[in-house]
Amino acid sequence: MTNPSVFRVVLSFVYAAIGFTPCASVTFAAEKLEFNRDIRPILSDNCFYCHGPDKNHREADLRLDVREEAIHLKAIVPSKPAESKLLDRILSKDASEVMPPPESHKKLTDQQKETLRLWIEQGAEYQLHWSYEKPIKASIPAGKNAIDTLVQSRLEKIGLKPSAPADRRVLIRRLYADLIGLPPTPEQVAAFVNDTSANAYDKLVEQLLQNPHYGERMAIGWLDVVRFADTIGYHSDNPRNVWPYRDWVIQSFNENKPFDRFTIEQIAGDLLPDKNQSTLIGSAFNRLLLSTEEGGAQPKDYEQRMLTDRVRAVGAAWLGQTTGCAQCHDHKFDPFTMRDFYALGAFFADIQEPIIGKREDGMAIKTPDQEKSLADLEASLAKAQKEYDAIRKQLESAQQQWESDIARYSITLPELKEDSKASKEAKDRAKNVSKALEKSAKDRKKNETDTIRDYFLSQGTTLFQEQRDALAKAQSAKDSLYNALPKCLVSTSTKDKRTVRILPRGDWMDESGEVMKPALPQYLVQSKMQSSSGETELTRHDLARWIVSRDNPLTSRTVMNRLWKQFFGMGLSKVLDDLGAQGEPPVNPELLDWLACEFMDSGWDMKHMVRVIVTSATYQQSSVASPEALAADPYNRELARQSTYRLEAELVRDNALAISGLLVAKVGGPSAKPYQPEDYWDNLNFPRRTYPADAGESQYRRGLYTWWQRSFLHPSMLAFDAPTREECCAERNRSNIPQQALVLLNDPTYVEAARVFAANVLREKSGSDDELLRRAWQRALQREPTTSEFATIQKLLIDRRAAYRDDPKSAAQLLKVGIAPILEGIELTELAAWTHVTRVLLNLHETITRS
Amino acid sequence: MQFATQSTQAMNRQSFLRRSSSVLGSIAFAWLAQPSLGVRTLEDRTRGVLRSLPYAPKAKRVIWLTMAGGPSQLELFDYKPKLASMDGKPMPESFTRGQQLAQLQGQALVCQGPQFRFQRFGKNQTELSELLPHIGSMVDEICIVKSMTTEAINHDPAHMFMNTGSQIAGRPSMGSWLTYGLGAETEDLPGFVVMISTGEGRTPQPIAARQWNNGFLPSKHQGVLLRSKGDPVLYLQSPPGISTEIQSRDVEAIASLNRFHDMTARDPEIATRIAQYEMAFQMQTSVPDLVDIRNESSKTLESYGCQPGDGSFASNCLLARRLAERGTRFIQLYHRDWDHHSLLREELPLRAKEVDRACAALITDLKQRGMLDDTLVVWAGEFGRTPMKQSNKGPAGRDHHNKAMSIWLAGAGVRPGFVYGATDELGYAANENVMTVHDLHATMLYLLGIEHTSFSYKFQGLDARLTGVEAARIVKDILL
């Protein structure tokens, strides 16, 4: 096999031999063709661009996505391929006749042509696009796990056999990675391996579902899809306050907030009758978009950018629809129109926000205790204010008297007398006051009036000093508590809504388009929705309720498809952000539908769904594939085994910190700044910034707390495919690139982790090299090394030890990396030598892989 | 060091083949050594996804000189005598009606004549600013386009548009497209390299890492920022106390252990992981060697006007040549300080001086080495500047402008000594042979042998292209 095309031929031969469908376009002569599975992908890829839903781009008035229309123009004559013009054209040898036309660079294969012919012969039946049909729940025999039943029936059909269960060590590592994103300790693995009770696995699952790190693990994917980040994104990319939203997401997963409620609070947490601090923090979702502080930015331009950003977000996070296409034209493949696009955008026109410029600080977040203290301080302040108000008149007349005395007797303020020893600031202030006093009261600007009053009260009088001090004290007590509270941008609805127009070709300077009111996407709505608020217009709350209603066939499918990827490495439909025509029909549609129905039936119970998935036999299979299994299903779409893949960026970090013993397991809090190469932020400006890495425990927080600077995301995160979150991201890349090696080898985070890992191994257990090497191996991989593995690290240790004894200076240099103190009582050359062993362990493929 | 054994290579090959049937398009290894076995297709040689090219490629690589902030074409390339005579007079409304401006929006609009003189250079007596004498001296080698336009008028979206063909974040940058399609001709250096210099100016533009992001293309096509301070590539240097020799021992141990693991795990990613560690280790030597310009002749250093380690634009031009020699596909340089809302008279000469000599030296150097024939050089900002004066930010300057800008190209089949397109008499809008950003991209791809309409990647249901969905034109007039 020396070139890919030969390989492909062989592959298709293998497929043919076992009757397995690698993709929807391969046909079975014996079986009746299905429009969604066999035909739509061909038409959508090759024909809909000119003969599909976009009326502005339709050629010859022919659309092939609607059966009646295709028949009407005789493109298709059911059961009569010979009379169908469609077939004439695709088979034509004439360059001016043949479809698709050569200049489109699209080409049908002979097999696709034959499939179309057969389909017409069989009657050319259409189906609604699969994801727009309501999901139907397959009936599952009582006592059976639905996932296993549906996967196995598919495997039987295509002649594949499920794999054996994974061994217990692999299972517990897998569960830890998938449910809490941390590795188990060797002790935890041993306890599970030795637990002979029948429900040992189920107990482990329950325990992990209750673990507070569960919420952190689940949050990662959601934060990607809503593009959560600490900075505004455009140009200066300055900070904004949103981290409490991240903690709200973690908390929501931990308390297993029903997903419908989780959705509603994010889109409309400020509009709920029972709104509270928590639902308002959830509504920060609406503020996560990109914004700008660039001078010269035009409000209309950014108003449009923000609207389209929000429509894309709803499409990505809930609907699995690539709504972005309809910003400039009707969607070319899905029935999503420009009207739908702008009408969806209009739901968000009530959100109060500066279009250009700095975001506000946001809502202060209070614990119940702080809320009480703040209320107390506000009451004291009100009282002090009241007492002050009572004397205000008298103070004002005293001030008038003072002012007129100054004028009448030409009094020089004390600071301005020649012999004054007042500071420069005091003199400058007095100068300003005296200048302001020269104007008559009615000519003074506000700041001048304030300057005079402040001066008078502090320097010109001692009248009512006690009341005034009390007021100042109460004010400062309240301010200092308030200022220290975390803040979060939240949604605030204004009656003064922005006008939303259809923008022809997406051009924000064109104001000729029709004004749009909020409306649900036409093609998805069966019955007209009434506004819940009694308003004439639908609100964000209505939108949110519809998104999680049974009327909407997309949300539960989209969310379950994404969840599936967390547990099997790939969605059932592999294009996570597009369940539309250009996405991929699910490999096992009954399974995705069952999950979607069960999710809704359970009351949108996320932990229930996670439990159902991880307790299935399908999930617990071994991931080791035989060469035959690999050849039959290289991407494991059919689930005759588990999958193996690299940990996500955040978890690569968490894993190293946890193994070394450095991890600070605290949940929530402001974003953290781990070490970052100096000058990495040099290219930021307005203002220029430095990056002060955190000292103390914030240095060792989990990866998901990393400060998310959109324009310069932390380079270690970026290397492992963490998205910048400038756009919603339903699916991360999973690359394998040299930068990952450079990070694990040279980033001080990992060098320090290796050093502390080594120190902990040496400290925990005194013993022979043999015992300690095994101990280190166990901590990293929770298994015994093989003989060759052992020999490799043993040799490494011996070599490094000898070398460092001759070169203690290098040992000292290596150990200086990182702020963690060097453990007393261990010889430095010995610690350095062991650091190489642990460093190698942290770099292993197996260490950063979930299998 | 003995990393890539025959079996590893075979394994790589296997996993490579397995991937190549992926519809997702995760196909070629980035800049990873792929031994050639059997038939050598284009794909084999360069490790890009394109199996054959519809056009004979003139350009093998691109050096893109980005003048971030938007240099004033009216002081540098596009001389407008009529504007000079209108200096201080109101800008006729017939020009500006309905046009969206940036910082001048809603202000009284006044014409501002060119602030510097122009001279005639070269055989063709091409008119060029007195601020660019060195570029003037080789003006017969370059092609100036005076009729360039763009869609954006703010820096960030304008850069995104220029780099990715879209103002929305998340699209792949040109360099990523090219390494995706064509791979690179280097095995131990990145195929897409970015270098940024600041100069001595006041208000350097922020340049976001998204400008060299791979967008929806596989991550390995991300541009690599080559830095002038600290590690030239992030995390390139081994930790303190660890010599190259010791680092190689650790990497070797990692490779052995990974290989042992592969015997039971049978995971194709392991072979790739081993190869990537090898690549990373090679970079630890090859990159420092690349950036060390001390062994360049003093004549060369002088012609560029740089000193080793000064991090200047001139140094980066020299590094660009070194990268080009070593097979990097796309080299992008940013000079960050061209946003002259104010102090145009004072600042522009300084900025011009920072790039003029180096640009000319780069072209001359490439030519002397016979590389100009297959290296495409592009000099461009993200937009142009207004013929109207801006005076609300201090001493006079010019505002952002998207209706007209000047750029130049050189090498690789571009018509030398040629001036293309023109603007109206006041330099407000391009009105002859207008060239859009999509046109520029289409033309650039054409020179690389690629047909822009068929070079696409499936994303969000569309065959996404660098040149977008609107029609784009290959501007053959500027080609030989």
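The largest nonpolar core of this predicted model holds 328 residues, of which C317(B) and L409(B) touch the most other members. Such a core is a set of buried Ala, Val, Leu, Ile, Met, Phe, Trp, Tyr and Cys residues joined through C-beta atoms within 7 Å; buried denotes 20 or more other C-beta atoms within 10 Å of a residue's own, with C-beta atoms placed from the backbone. Helix α10 of chain B (residues 268-291) contributes the largest share of this core, twelve residues. Helices (H or I, at least four residues) and strands (E, at least two) are DSSP runs numbered from the N terminus. Apart from this core lies another, of 20 residues, including C47(A) and W119(A).

Chain B also contains an open sheet of eight strands with mixed pairing, in the order β6-β5-β7-β1-β8-β11-β4-β12; two strands pair if DSSP finds at least two bridges between them. β6 (224-225) and β12 (418-420) of chain B each have a single partner strand, so one side of each lacks a neighbour in the sheet. Strand β4(B) (residues 142-148) runs parallel to β12(B) and is joined to it by three bridges; V145(B) has Y420(B) as its bridge partner in β12(B).

Between the chains, 80 residues of chain A are in contact with 69 residues of chain B, contact meaning backbone-placed C-beta atoms within 7 Å. On the chain A side, α28(A) supplies the largest share, six residues.

Residues are numbered from 1 along each chain as its sequence is written, while chains are lettered from A and ligands numbered from 1 in the order in which they are written. Local features need pLDDT of at least 70 and side-chain atom pairs count only at pLDDT 80 or more, whereas totals for chains, interfaces and linings use all residues.

Notes:
Buried ≥ 20, exposed ≤ 12 C-beta atoms within 10 Å, placed from the backbone. Contact = placed C-beta atoms within 7 Å.
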